[in-house]
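Subject: Structure handover

Hello,

Here is the structure for your files.

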Amino acid sequence: MITALAAVAVGAGCWGSIGDPGASGGECGLPPVPPARRLSHTEYRNTVRDLFPGLSLPDFQLAPDPTPTGFDNDAEALQPSALLVNQYNAAAVEIAARVGRRMDTYVPCPASEGSACGARFIADLATRAYRRPLAPAELATLQQVFDTYLAQSDFGVAVELTTQVILQSPAFLYRVESIGPDGEPSPYDVASRLSYLLWATMPDETLFAAAAQNQLATAAELDAQVERMLADPRALDGFMTFASQWLDLARIDRVTKLSGSGFSEPVRQVLREEARRFLAEVIYARGGTVTDLLTSPKAFITAETAAFYGLNPPPAGSWAEVDLPPERKGFLMQAQFLASHGHPNNPSPVLRGLFVLSDLLCVELGSPPAGVDMSIPTGDPQMGPTTNRQNYDRVTGAELCQTCHSIINPIGYAFEGFDTMGRVRDSDNGLPLDTTGVVAGRAVANASALVDFLAGSEQVRECVTRKYMLYATAGSDAIDDRCLTRDIAADFTASGGSLRGLMKSIATHPRFLGTRTQAERSEASSSDSDRAGAPAPGRPIGARVADSRGEQ
C-alpha cells in the first residue's frame with residue numbers, strides 16, 4: 001500500500017500551461033493539467049459518507065493535513081506518510097466491518113448468488129469510489145480478491161475485504177485524471193472537478209449520469225448542472241469548507257481566556273456556531289457579498305452571548321437573528337472573530353491586524369526574526385498605568401520589529417474599542433482609548449471606518465478572488481493562469497462581490513474544468529485539418545482514448 005501511494009505521488013505532474021503551437025489552445029494556451037492529489041480529510045470524510053449513505057461512520061483518526069496556503073486541500077502538501085497509510089487501513093477495516101453488518105443495504109443482490117453477486121457489488125461500489133468506470137483489468141483484479149476470500153471463508157468476509165481494498169486504492173484516495181490527446185479531461189474528471197469544488201465530495205448519481213451521457217460538454221449543460229448543484233444542501237457544505245478555512249473559524253477552538261472573562265466551553269461552542277450561522281444564512285443563503293460580510297448589521301445570538309453585544313437575551317437554548325448595535329457591523333466586529341483574535345487577558349492588535357492583512361488584503365509579511373521576544377505585551381510597573389496600545393507600541397517599537405509592526409499594528413489598533421471577548425469598551429486600564437489606525441496608507445478613526453474602507457477596496461475583492469482560486473485549484477500554479485484569473489475577477493466585480501456567484505463563476509469556467517470552448521475546439525479542428533490536409537473534427541469532451549488504465 002505504501003509503495004502504491006508513493007508511486008502515485010512521485011508520478012504526479014505539476015500544474016502549468018502547455019505551449020500553444022498551431023493555435024491549439026487559443027490566446028491562453030491549453031488549460032493547466034492538474035497533478036494527482038490526495039483527498040483532503042474533509043473530502044475523504046464526505047466521500048465515505050456519500051459512498052455509503054446512511055452508514056454510521058467511525059470517528060476517523062487521521063494525521064492533520066498541512067495547510068501551507070491556509071487550505072487543507074493543497075495538492076503539493078498532501079503527501080502520503082507511513083502513519084497516514086496505517087490510519088487509512090484502520091479506517092477501511094472499520095468501515096468495511098460496518099458495511100458487512102448491513103449487506104442488505106449496500107450489496108445489490110443476495111449472498112446466494114456468490115461470485116456473480118460479488119461482480120455486481122464491485123461494479124457498483126468501485127465505480128462510485130473511483131468516480132469513473134473501471135478498466136477490465138481493474139475489475140478482474142477486484143473480482144479475484146472477492147473470489148479468493150469467498151472460497152477461503154464466506155460471502156460476508158469477501159464483501160468486507162474487497163471493500164477494504166477499494167477504500168485503500170490510490171484510485172479512491174487520489175484524484176487521478178485522464179487527459180486525452182486533445183488536452184481535455186474525461187467527462188468523469190469534469191464531474192469530479194465540479195463536485196469537489198461545489199460540494200467537497202464525490203459526484204452524485206445525476207452528475208455520474210451526465211458524465212456517462214457526455215452531457216458536461218457545453219456551456220448550457222454545465223450551467224444547468226452547476227445551478228442544480230448550488231441548490232443542493234451539499235453546496236453549503238462546500239462553501240463552508242472554503243469559508244471556514246479562509247476566515248480561520250477553527251481558531252476559536254484554540255484560544256484560552258482568564259477566569260472571569262465570561263468565556264467557557266459552552267460559550268466557545270456558541271461562538272463557533274454564531275459564525276457558521278452568519279456565513280450560512282446571511283452570506284450563502286441570501287447571496288451575500290464581500291460588502292455584506294464586512295458591513296452587515298445582522299448577527300445570531302443566544303442567551304450565552306447576548307451580553308457581549310449589550311442585547312437582551314433570547315430564551316435559553318434558542319437562537320435569535322438580531323440587528324447589531326450601531327457601533328458594530330460585519331464579521332470583524334462579531335464576538336467570534338474578536339474573541340478568537342484576542343489573548344487571555346487583553347485584545348491582540350497584532351492578531352487582528354494580521355488577519356486583515358493576510359486574509360482580506362493578501363499581504364504576506366513573513367515570520368518574525370529569530371530571537372525576537374514573542375511574549376504577550378503587558379504593562380511596565382515602573383511606568384504606571386498604560387493601555388494595551390501603549391504596551392504594544394513599547395514592545396514592538398524597535399527598528400527590527402517596525403518593518404512589519406508599522407503595518408500590522410495600525411490596522412489592529414482600530415479594534416481597540418473591543419476587549420478580548422469582543423465587548424465594547426470605552427476605556428482601557430482606566431485610561432482613554434485610542435482607536436485610530438491606518439490601512440493601506442489611509443487613516444481610519446475606528447473599526448467601523450476600517451471595515452467601510454475594506455468593503456470598498458478593490459484590493460480586498462482581488463484578494464477574496466485569489467483566496468477562492470487558491471482553494472479551487474488546490475494551491476496549484478493554475479492560480480496564475482492569466483485568462484482564468486482575469487475572467488473570474490471580472491465576473492466577481494460584475495456581481496457586486498457575490499461569494500455564491502464566485503463559486504459558480506469558477507465552476508463553469510472552461511479553464512478551471514480543463515475544457516475548451518466550442519470556438520476553441522473549432523479553431524483547433526481547423527488548424528488540425530490544415531496541417532493534415534484533410535478535415536479532422538475536434539474531439540468532443542466525452543470521447544475516450546486509450547490511457548494508462550487500458551480504457552477506451
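Buried means under 20% relative accessible area, exposed over 50%, and partly exposed in between (1.4 Å probe, protein chains only). This is a predicted model: local features need pLDDT of at least 70, side-chain atom pairs count only at pLDDT 80 or more, and totals for chains, interfaces and linings use all residues. Residues are numbered from 1 along each chain as its sequence is written, and side-chain values use heavy atoms, with hydrogens and water left out.

Disulfides

There are 2 disulfides in the structure; the term covers a pair of cysteine sulfur atoms within 2.5 Å.

Cysteine 109 and cysteine 117 form a disulfide, with sulfurs 1.9 Å apart. The S-S torsion is about 95 degrees, so this disulfide is right-handed. Cysteine 109 is buried at 10% relative accessible area. Cysteine 117 is buried too, at 0%.

Cysteine 362 and cysteine 463 form a disulfide, with sulfurs 2.1 Å apart. This link is right-handed, with 80 degrees about the S-S bond. Cysteine 362 is in the loop between helix H17 (349-360) and helix H18 (388-395), and cysteine 463 is in helix H21 (residues 458-472), so the pair ties together parts 101 residues apart in sequence. Helices here are DSSP runs (H or I, at least four residues), numbered from the N terminus. Cysteine 362 is partly exposed at 28%; cysteine 463 is buried at 2%.

Cysteine 401 is in no disulfide. The sulfur of cysteine 404 is 9.0 Å from the closest cysteine sulfur, in cysteine 401, too far for a bond.

Helix pair

Helix H12 (residues 234-246) packs on helix H13 (residues 265-285) at about 120 degrees, axes 11 Å apart. Axes are lines fitted to C-alpha atoms over the stretch in contact, and angles run from 0 to 180 degrees between N-to-C directions.

Best wishes

Note on methods
Helices (H or I, at least four residues) and strands (E, at least two) are DSSP runs, numbered from the N terminus.
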